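This report describes one protein model, beginning with a sheet and moving on to single residues and aromatic rings.

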Amino acid sequence: MKLYHIDRFGTINEGQTLNLQKKLYFDKKEQNQCLNMILPYYKGEVSHHGIHYLLNNELAINNVMSLSCVMDIVFEYERMLNYKDKLSRYQSFFAFDSTGVKEFIKENNLSENFYKIYEVSSDYYEKFNMRLISGTAHFNIAAMAKLYWENGKDPYNRPVLNEYLLKFPVRVIKEVKLNEIN
């Protein structure tokens with residue numbers, strides 16, 4: 001199966017092999033303390049996603065975390081408690097199948113000037129319904145996390161949008177245009 005990554009930050013290139021990041025640098029003392037507490041759970045290695053959502057204090061406004069960041073932490077906590085055999089979102093690379101990449105771009109009204117699509121591959125991946133990453137209160141987010149990790153049915157009957165968590169190393173095969181994807 002062909003999988004695709006939407007690169008909105010210009011961080012990957014054709015032919016590249018991506019790995020977990022082992023060395024992380026932070027300027028603020030409180031970030032170093034956080035890092036020292038968290039990284040042992042991940043053997044000192046996290047993905048770009050992990051750095052962004054788990055360790056980046058810039059997502060907090062007036063010391064209040066964004067809902068997206070809170071959701072990600074709750075989902076990871078649920079995985080650590082009850083689904084240890086699943087890939088961590090903080091140690092995964094994200095991709096879509098051909099249907100998902102088209103749907104994500106359409107739903108988010110992404111302009112082709114602001115992203116590139118790359119075909120990617122990995123020796124191992126897991127598939128989950130991205131729509132389940134939702135909620136507005138902790139109890140609701142926790143319930144959705146359980147459904148996500150179990151590949152459960154969406155209680156809101158939204159159309160499925162599969163995301164694929166790829167285990168590193170990830171190979172960036174080639175850049176593709178949206179109209180080239182079948």
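## A three-strand sheet

An open sheet of 3 strands has the order S5-S8-S7, and its pairing is antiparallel. Strand S5 (92–95) and S7 are at the edges with a single partner strand each, so one side of each has no neighbour in the sheet. On average, neighbouring strands of this sheet are turned by 30 degrees against each other, direction ignored. Such angles run from 0 to 180 degrees between N-to-C directions, with axes fitted as lines to C-alpha atoms, for helices over the stretch in contact. Strands pair if DSSP finds at least two bridges between them; the strands themselves (E, at least two residues) and helices (H or I, at least four) are DSSP runs numbered from the N terminus.

S7 is joined to strand S8 (residues 162–167) by 5 bridges, and the two run antiparallel.

## Basis and overall make-up

The model is predicted: local features need pLDDT of at least 70, side-chain atom pairs count only at pLDDT 80 or more, and totals for chains, interfaces and linings use all residues. Residues are numbered from 1 along each chain as its sequence is written, and side-chain values use heavy atoms, with hydrogens and water left out.

The protein has 5 helices and 9 strands, and from the N terminus on its elements run β-β-α-α-β-β-α-β-α-β-β-α-β-β. Of its 182 residues, 43% are buried (under 20% relative accessible area; exposed is over 50%, partly exposed in between; 1.4 Å probe, protein chains only). Among contacts (heavy atoms within 4.5 Å) with a separation of 6 or more, 78% are between residues 24 or more positions apart.

## Asparagine 129

Asparagine 129 belongs to strand S7 (residues 125–129). With a relative accessible area of 7%, asparagine 129 is buried. Its side chain reaches the backbone nitrogen of leucine 161 at 3.2 Å. Apart from neighbours within four places in sequence, asparagine 129 is in contact with Tyr148, Asn151, Asp154, Val160, Leu161 and Asn162.

## Phenylalanine 168

Phenylalanine 168 sits in the loop between S8 and strand S9 (170–176). It is buried, at a relative accessible area of 14%. Its C-alpha lies 5.4 Å from that of asparagine 19, although the two residues are 149 apart in sequence. Beyond four places in sequence, the contacts of phenylalanine 168 include Leu18, Asn19, Leu20, Ser47, Gln91, Ser92 and Phe93.

## Aromatic pairs

The whole structure holds 8 aromatic pairs. Rings of Phe, Tyr and Trp (its six-membered ring) pair if their centres lie within 6.5 Å; planes under 30 degrees apart count as stacked, over 60 as edge-to-face and the rest as tilted. The rings of tyrosine 42 and tyrosine 90 are edge-to-face, because their centres are 6.0 Å apart and their planes stand at 80 degrees. Tyrosine 42 is in the loop between helix H1 (29–38) and helix H2 (48–55), and tyrosine 90 in the loop between helix H3 (67–82) and S5, so this pair ties together parts 48 residues apart in sequence. Tyrosine 42 and tyrosine 90 are both buried.

The rings of phenylalanine 128 and tyrosine 148 have centres 4.7 Å apart and planes at 25 degrees, so they are stacked. This pair links distant parts of the chain, with phenylalanine 128 in strand S7 and tyrosine 148 in helix H5 (residues 138–149), 20 residues apart. Phenylalanine 128 counts as buried at 1% relative accessibility, and tyrosine 148 counts as buried at 0%. Phe75, Phe128, Tyr148 and Trp149 form one aromatic cluster.

Definitions and conventions. Polar contact = N/O pair within 3.5 Å; in protein donor to acceptor, adjacent residues only side chain to side chain.
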